[in-house]
Amino acid sequence: MPSFSWRVCPAFVLLLMPSLVAAEESSLLDGWHDVWILRFLVNVLGYSTIIIPGYFLISYFKRTNYLETGNGFCFPLIKTCVFGSEAKTGLLDDVSLAPRNEGESGSSVRQVVKLIFCAAGLQVSYLTWGVLQERVMTRSYGATTPEDEGEKFKDSQFLVFMNRILALTVSGLWCLLFKQPRHGAPMYKYSFASLSNIMSSWCQYEALKYISFPTQVLAKASKVIPVMLMGKLVSHKSYEYWEYFTAVLISMGVSMFLLSSTPSKHPSTVTTFSGVVILVGYIVFDSFTSNWQDNLFKYKMSAVQMMFGVNLFSCLFTVGSLLEQGAFFDSVAFMTRHSEFAFHAVLLSVCSACGQLFIFYTINQFGAAVFTIIMTLRQAIAILLSCFLYGHAVTIVGGFGIAVVFLALFLRVYARSRMKSGRRSTLPPPQKV
């Protein structure tokens, strides 16, 4: 008899209290927003509703030999998106770009002013971006009293969309105002780098819910370790002794920082594990983005054209996914409720777009080595700024670990520049004719 009553009880609950069951189901459905892996899968599902039809359309146009048989109003658009010019070259022969030469680019004073301008622009853009990123993802809005918890913004994808729409606008205006190389790459090829780029950006925002900002910065700085491991295992690359030495130093520094961190901020093992998994996802997606963009640069294009193409698809993917989830208007409503968040989101996007332009200009004027030094300094300052503003406790051992990491990064830059200068000195001098 007791067993019968236990079996019948759920049926009575369903028949007599349907509102209670509906409320429970509603709470379960609402709760999925708090599970990052479910949000990740829902985002991917939204992107697939654009990628899969696009794949079949591209396959159809290529299979039917549309480039030879097609005509009409849509032919130029389809040709640009699917076929391009298919002419690969490493030369920007449509634009007269003088090679970077510090000795002939003006007086030393002018070069110093340019360097200060680039360094200041990069530091201001990305330090502000880092501070706002942590503010938006870890603090609440609308709290009027100390007892009031306020409301936290949770949708990382909307922030990615905000960043990309402004970057698209800036790069588009740049392409219109300044002469660019004739574009040859099929537009759909930008979608691969775009997808990995928005996924890495999503992971970067989302990780701040589970780990501290200094931990995130150190993990990004130690990205060289998995890159070297992947190169050794997959491509059988060989590395110099100083590369192994600096990789060991970075590993030691990161381990010292993580082991010395107090668990009070993140007491849950699951939460810490989630942060590590999300950071690994960031590194994987970001590594793919840079490698795919290197492959795309074989076509005739400038860095700003690359910026425009990648951000174009990023806007398409993110706004499509946000609208399908119904999250776009929820985020806009959050902006209308909290003007401070709206200001932070817009300023975050401005800093991201301006930072990309400063990256292109700095590398063009001074090369990758100087740019790497500036950005490494920026990472160190970002950690100090975050600890000062948001109260992250760093022990003496943890601070020593941070110093070891950035010492190793500077050693890598120094050794690589010495190696490149040594190779140039061994080249025979040009013969006069």
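Guide: The following conversation takes up some terms and sets values against their cut-offs. Please note that this is a predicted model.

Visitor: Why is leucine 176 called exposed?

Guide: Leucine 176 has a relative accessible area of 72%. Exposed means over 50%, so leucine 176 is exposed. Leucine 176 lies in helix H7, residues 156-177.

Visitor: Which residues make the nonpolar surface patch?

Guide: Leu173, Trp174, Leu176, Leu177 and Phe178 make this patch of about 580 Å².

Visitor: How is the placing of H7 against helix H13 described?

Guide: Two packed helices are described by the angle between their axes and the distance between the axes. The axes of H7 and H13, the latter covering residues 303-325, come within 8 Å and cross at roughly 145°. The crossing of H7 past H13 is left-handed. The contact between H7 and H13 has 15 nonpolar, nine polar and one charged residues.

Visitor: What makes the pair of glutamate 340 and arginine 135 a salt bridge?

Guide: Their closest N and O atoms are 3.6 Å apart. The cut-off is within 4 Å, so the pair qualifies as a salt bridge.

Visitor: Are glutamate 340 and arginine 135 buried, partly exposed or exposed?

Guide: Arginine 135 has a relative accessible area of 14%; buried means under 20%, so arginine 135 is buried. Glutamate 340, at 41%, falls between 20% and 50%, and therefore counts as partly exposed.

Visitor: How do you know that glutamate 151 and arginine 337 meet in a salt bridge?

Guide: The N to O distance is 2.8 Å, which is within 4 Å and therefore meets the definition. Glutamate 151 lies in strand S2 (residues 151-152) and arginine 337 in helix H14 (residues 327-337), 186 residues apart. Glutamate 151, at 30%, and arginine 337, at 47%, are therefore both partly exposed.

Visitor: Why is glutamate 206 called buried?

Guide: Glutamate 206 has a relative accessible area of 0%, which is under 20%, so the term applies. The side chain of glutamate 206 meets that of lysine 209 in a salt bridge at 3.2 Å, N to O. Lysine 209 counts as partly exposed at 24%. Arg39, Glu206 and Lys209 are linked in a network of salt bridges.

How values were computed: Residues are numbered from 1 along each chain as its sequence is written. This is a predicted model: local features need pLDDT of at least 70, side-chain atom pairs count only at pLDDT 80 or more; totals for chains, interfaces and linings use all residues. Side-chain values use heavy atoms; hydrogens and water are left out. Patches are made of residues with over 30% relative accessible area and no salt bridge: like charges are joined within 9 Å, nonpolar side chains (Val, Leu, Ile, Met, Phe, Trp, Tyr) within 5 Å. Accessible areas come from the Shrake-Rupley method with a 1.4 Å probe; for residues, only the protein chains shown count as cover. Helices (H or I, at least four residues) and strands (E, at least two) are DSSP runs, numbered from the N terminus. Buried means under 20% relative accessible area, exposed over 50%, partly exposed in between (1.4 Å probe, protein chains only). Axes are lines fitted to C-alpha atoms, for helices over the stretch in contact, and angles run from 0 to 180 degrees between N-to-C directions. A crossing is left-handed if the near helix is turned anticlockwise from the far one by less than a right angle, and right-handed if clockwise. Ala, Val, Leu, Ile, Met, Phe, Trp, Tyr, Cys and Pro count as nonpolar, Asp, Glu, Lys and Arg as charged, and the others, Gly among them, as polar.
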